[in-house]
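Open the model in a viewer and keep the selection tool at hand. The stops below go from the whole chain to single side chains and back out to the core.

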Amino acid sequence: MAVPVLRLGRMLGQLAESLVRAAPQAGDALGKRALYAEALRAAQVVVASNPSSADAVDLLGRAALGAGDYERAVAAFRAVLDAEPGNCLARLNLASAQIG
């Protein structure tokens, strides 16, 4: 039973990552927000299934940042930095989320 759950988590992670990468190329602000919102929903499921994964939490933070959920993004990037203090991208993303 664990294998299908892990596979689902991996697939959702890939979906969320694809949405986060595609969103900046969306033509309008509404389209971008919709893609980030979908990425955020998928990333939340991934993090729920693997909360100790810094990569999953970073993905959640990037999706939240794009969706305009700055509080969630700040919390996610702080968690990533707790696990990986030298993660420069997480530090940069944290600053972006704090600026809003």
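Of the 100 residues in the chain, 39% are buried, where buried means under 20% relative accessible area, exposed means over 50%, and partly exposed lies in between (1.4 Å probe, protein chains only). This is a predicted model, in which local features need pLDDT of at least 70 and side-chain atom pairs count only at pLDDT 80 or more, while totals for chains, interfaces and linings use all residues. Residues are numbered from 1 along each chain as its sequence is written, and side-chain values use heavy atoms, with hydrogens and water left out.

**The whole chain**

Show the chain as a cartoon. It has five helices and zero strands, the elements being DSSP runs numbered from the N terminus (helices H or I, at least four residues; strands E, at least two). The C-alpha trace spans about 40 × 35 × 20 Å along its principal axes. The radius of gyration of the chain is 13 Å, which agrees with the value near 13 Å for a compact globule of 100 residues; it is taken over C-alpha atoms, and the globule rule is 2.2 Å times the number of residues to the power 0.38.

**Colour by confidence**

Now colour by pLDDT, the predictor's confidence in each residue, from 0 to 100. The chain has a mean of 85, and 91% of its residues reach 70 or more. Confidence is lowest in α1, with a mean of 67, and highest in α4, at 98. Select residues 1-5: here the pLDDT is below 50, and the stretch has zero contacts in the model beyond near neighbours in sequence.

**Helix α3**

Select residues 54-67, which form helix α3. Its 14 residues reach 20 Å from the first C-alpha to the last, close to the 20 Å expected at 1.5 Å a residue; the expected span is 1.5 Å times one less than the number of residues. How many of the 14 residues of α3 are buried? Eleven are, so the helix is largely enclosed by the rest of the structure. The buried ones include Val 57, Leu 59, Leu 60 and Leu 65. Step just past the end of α3 to Gly 68, which takes a positive phi of about 85°.

**Three salt bridges**

Show the charged side chains next. A search of the whole structure finds three salt bridges, each a side-chain nitrogen of Lys or Arg within 4 Å of a carboxyl oxygen of Asp or Glu.

- Arg 62 is partly exposed at 22% relative accessible area, whereas Asp 58 is buried at 15%.
- Move to helix α2 (residues 29-49), where Glu 38 and Arg 41 lie three residues apart. Their side chains meet at 2.3 Å, N to O. Glu 38 is partly exposed at 39%, and Arg 41 is partly exposed at 46%.
- Go on to Asp 69 and Arg 72, where the closest N and O atoms are 3.4 Å apart. Asp 69 is partly exposed at 25%, and so is Arg 72 at 33%.

An α-helix has 3.6 residues a turn, so residues three or four places apart point the same way.

**Leu 40 and its surroundings**

Select Leu 40, found in helix α2. Leu 40 is buried, with a relative accessible area of 9%. Apart from neighbours within four places in sequence, Leu 40 is in contact with Leu 60, Ala 63, Ala 64, Ala 67, Asp 69 and Arg 72.

**The nonpolar core**

Finish inside. A nonpolar core is a set of buried Ala, Val, Leu, Ile, Met, Phe, Trp, Tyr and Cys residues joined through side-chain atoms within 4.5 Å. Which of the 28 residues in the largest core touch the most other members? They are Val 20, Leu 60, Ala 73, Phe 77 and Ala 97. Helices α1 (2-22), α2, α3, α4 (70-83) and α5 (88-99) each supply at least two residues of this core.

Centre the view on Phe 77. Not counting residues up to four places away in sequence, Phe 77 touches Asp 58, Gly 61, Arg 62, Leu 65, Ala 90, Asn 93, Leu 94 and Ala 97.

Methods. Contact means heavy atoms within 4.5 Å.
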